[in-house]
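This report goes through one model, beginning with the ligand and moving on to helix packing and a few backbone details.

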Amino acid sequence: MSKPAQSHKLLAIPGPVEVTKEVLHAIAQPPLSHVSPEFVAVFRDCIQMTRKVVDTQDGQPFIIAGSGTLGWDQVAANLVEPGEEVLVLKTGYFGDGFADCLRTYGANVEELKAGRGSIVELHRIEAALRSKKFKAITITHVDTSTGVLSDVKEIASTVRRISPDTLVVVDGVCSVASEEIRMDPWGLDVVLTASQKGLGAPPGLSILIASQRAIKVFQTRRTPVTSYFASWKKWLPIMTAYGNNTPAYFGTPPVNLILAYHASLKQITGTAPSLDERYRLHKQVSQRIKALANQLGLAQVSQDPEHAANGMTAVYLPDGVVASDVLPRMAAKGVTVAAGLGDIKDKYIRIGHMGTSVVDAKRGDIDTIAESLQASLKEARAAKKDIVEETP
Ligand SMILES: *Cc1c(COP(=O)(O)O)cnc(C)c1O
């Protein structure tokens with residue numbers, strides 16, 4: 001395996017993330033026929049291992065070419081009919097995106113917005129659920145713009161208690177494989193995610209798992225599905241066939257990406273480390289980065305340590321320092337982190353710590369991130385001080 005090009009910087013953003021050499025190797029193969037026995041077996045394994053990652057026995061995975069956003073379209077097009085009510089919990093930028101997508105397909109959306117850096121309080125969710133009948137509720141497990149971690153288990157049990165028919169839909173794009181998520185035990189109806197964050201493959205796959213209850217809701221809808229490419233009418237037979245080790249065709253799957261996803265899943269669902277150990281390692285690394293931020297005087301965007309993501313950290317920069325003062329300095333030290341998102345995007349930065357960077361300590365990625373953050377911030381502060389001192 002050759003090393004990545006010299007110019008490759010350590011990718012420490014909240015997705016895409018660094019990938020293992022096994023994943024790199026898998027994607028660099030000559031393409032297989034998408035209906036060959038070899039590929040069909042790989043796809044079947046991906047379906048089985050995807051179930052394992054989110055802890056479901058009979059949830060139906062959909063693995064489709066597209067980015068994470070396509071999961072929103074799948075939910076909006078297949079599970080919600082025009083005019084139906086959906087409750088969207090907003091803990092950052094991605095809640096708005098999901099709401100916008102749902103409205104595009106004709107849903108009536110009610111948004112419950114959290115204060116910046118906070119979760120939506122349970123009593124507000126309860127009140128909303130009692131106020132009218134919602135077809136679905138959407139929760140962003142980790143909102144990648146704020147680093148806020150919502151308590152999916154608690155919200156799902158509240159929904160089941162107050163409004164048992166409401167579908168519980170989780171945007172887990174920035175959480176699956178880095179935060180604990182248990183589809184069957186917690187009673188979740190949809191978990192949607194993508195290949196490039198905790199799942200440790202390159203971007204390009206929309207990965208969604210639907211409960212049998214959600215599939216039933218889809219199969220008994222009264223109005224036609226208003227999407228072609230995102231329609232489960234097209235994809236359900238394909239996924240069922242692949243699951244049974246049989247070829248089927250609707251839209252050529254991105255075979256090399258599937259090979260890469262397969263390689264990553266084998267590592268994630270393997271025994272060392274186990275999934276639980278993986279979650280623990282993400283917590284441990286997250287605490288280290290957050291402690292460093294604290295020591296550097298950087299406040300977290302997420303207000304409450306109990307509801308802070310473990311796969312990423314969003315921190316405010318000191319007064320007078322903006323993202324464009326810090327990012328190029330970190331890049332010069334070989335590390336890519338992300339600016340903020342939304343209306344305060346220059347005032348904070350986001351550091352991703354997911355996947356192999358966390359799990360494979362030998363890489364030394366976390367040390368590299370910590371050192372470059374510390375040094376770059378020092379430089380940025382010194383540069384500001386020079387400017388202030390030069391001004392009479
Ligand atoms: C990244 C992300 C998305 C969007 O995924 P894309 O692959 O960029 O389309 C959606 N929701 C959350 C929470 C995300 O972190």
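How far is an oxygen atom of the ligand from an N or O atom in the side chain of Thr-69? The distance is 2.6 Å. The model is a predicted one, and the values below should be read with that in mind.

## Ligand surroundings

There are 13 residues around the ligand, and those that come nearest are Ser-67, Thr-69, Thr-144, Asp-171 and Lys-197.

| Side chain | Ligand atom | Distance |
|---|---|---|
| Thr-69 | oxygen | 2.6 Å |
| Asp-171 | nitrogen | 2.7 Å |
| Lys-197 | oxygen | 2.6 Å |

Thr-69 pairs through an N or O atom of its side chain with a ligand oxygen, and the side chain of Lys-197 likewise places an N or O atom 2.6 Å from an oxygen atom of the ligand.

## Helix packing

Two packed helices are described by the angle between their axes and the distance between the axes.

Helix α3 covers residues 69–78 and packs against helix α4, residues 93–104, at an angle of about 40° with the axes 9 Å apart. At that angle α3 is oblique to α4. Their crossing is right-handed. On the α3 side the contact uses Trp-72, Asp-73, Val-75 and Ala-76, while α4 contributes Phe-94, Gly-97, Phe-98, Cys-101 and Leu-102. Sorted by class, the residues in this contact of α3 with α4 are 7 nonpolar, 1 polar and 1 charged.

Helix α5 (residues 122–131) and helix α6 (residues 152–162) have axes that come within 10 Å and cross at roughly 30°. The two helices α5 and α6 are therefore roughly parallel to each other. This crossing of α5 and α6 is also right-handed. From α5, the residues Leu-122, Ile-125, Glu-126, Leu-129 and Arg-130 meet Glu-154, Ile-155, Thr-158, Val-159, Arg-161 and Ile-162 from α6. The contact of α5 with α6 holds 6 nonpolar, 1 polar and 4 charged residues.

Helix α2 (residues 37–54) and helix α9 (residues 232–243) cross at roughly 100°, and their axes come within 8 Å. That angle makes α2 and α9 roughly perpendicular to each other. Phe-39, Val-40, Phe-43, Arg-44 and Ile-47 of α2 make the contact with Met-239, Tyr-242 and Gly-243 of α9. The class count for α2 with α9 is 6 nonpolar, 1 polar and 1 charged.

## Arg-182 and its loop

Where is Arg-182 found? Arg-182 sits in the loop between β8 (167–171) and α7 (183–186). Leaving aside residues up to four places away in sequence, Arg-182 touches Val-54, Asp-55, Gly-187, Leu-188, Asp-276 and Tyr-279. With Asp-55 there is a polar contact between side chains, at 3.3 Å. Between Arg-182 and Leu-377 there are 195 residues of sequence separation, and their C-alpha atoms are 38 Å apart.

The loop between β8 and α7 also holds Ala-177. Ala-177 is not a glycine, yet has a positive phi of about 80°.

## Backbone exceptions

Most residues other than glycine have a negative phi, and most peptide bonds are trans. One runs from Gly-15 to Pro-16, with omega near 0°. Pro-16 lies in the loop between β1 (10–11) and α1 (21–27). Another cis bond runs from Ala-272 to Pro-273, with omega near -5°. Pro-273 belongs to the loop between α10 (255–268) and α11 (275–295).

Key:
Residues numbered from 1 in each chain as written. Predicted model: local features only at pLDDT ≥ 70, side-chain atom pairs only at ≥ 80, totals over all residues. Heavy atoms only, no water. Axes fitted to C-alpha atoms, helices over the stretch in contact; angles between N-to-C directions. Helix = DSSP H or I, 4+ residues; strand = E, 2+ residues; numbered from the N terminus. Parallel < 35°, antiparallel > 145°, perpendicular 65-115°, else oblique. Left-handed = near helix turned anticlockwise from the far one by under 90°. Contact = heavy atoms within 4.5 Å. Nonpolar A, V, L, I, M, F, W, Y, C, P; charged D, E, K, R; others polar. Near = heavy atom within 4 Å. Polar contact = N/O pair within 3.5 Å; in protein donor to acceptor, adjacent residues only side chain to side chain.
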